[in-house]
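Biologist: I would like a close look at a single residue and at its surroundings, followed by a short account of the chain to which it belongs. Could you take me through that slowly?

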Amino acid sequence: MTRLTAKQKALLLALAHSEKDVQPTSGQFIRKYHLTSASAVQRSLSALQEKDIVTSNNGQYFIYDYFLYYWLKQQ
């Protein structure tokens, strides 16, 4: 977590607390979790995917590590 930017951390927390079938770049998701913009979310998603923290399947994004997911969900 220390190697992630503040926007990446915020997105991870939002993904952990969100429903499973959400679009993280949608306006509703961004407003609900107080994220900055769709482009910032897309950049964070790309960075998190490169680091193998987040994965996608059919347009849905998931936290790859279940232990990290459950830890973030408790935050």
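The answer below begins with one residue and then turns to the whole chain.

Modeller: Please keep in mind that this is a predicted model. The residue to look at is Ser-18, which has its place in the loop between α1, residues 6-17, and α2, residues 27-32. Is Ser-18 buried or exposed? Its relative accessible area is 10%, and since buried means under 20% relative accessible area, Ser-18 counts as buried. As for what surrounds this residue, if we leave out residues up to four places away in sequence, Ser-18 touches Phe-29 and Tyr-33. There is also a polar atom in the side chain of Ser-18 that lies 3.1 Å from the backbone oxygen of Leu-15.

Stepping back to the whole chain, we find four helices and two strands, and from the N terminus on these elements follow the order α-α-α-β-β-α. The chain has a radius of gyration of 11 Å, close to the 11 Å that the globule rule gives for 75 residues, so the chain is as compact as a globular protein of that length. Taken along the principal axes, the box filled by its C-alpha atoms is roughly 30 × 25 × 25 Å. Of the 75 residues in the chain, 33% are buried, and, as shown above, Ser-18 is buried. Finally, among the contacts between residues at least 6 apart in sequence, 46% join residues at least 24 apart, while the accessible surface of the chain comes to about 5200 Å², with 50% of it belonging to carbon and sulfur atoms.

How values were computed. Residues numbered from 1 in each chain as written. Predicted model: local features only at pLDDT ≥ 70, side-chain atom pairs only at ≥ 80, totals over all residues. Heavy atoms only, no water. Rg over C-alpha atoms; globule rule 2.2 N^0.38 Å. Buried < 20%, exposed > 50% of the residue type's maximum accessible area, 1.4 Å probe, protein only. Contact = heavy atoms within 4.5 Å. Areas by Shrake-Rupley, 256 points an atom, 1.4 Å probe, with all protein chains shown as cover. Polar contact = N/O pair within 3.5 Å; in protein donor to acceptor, adjacent residues only side chain to side chain.
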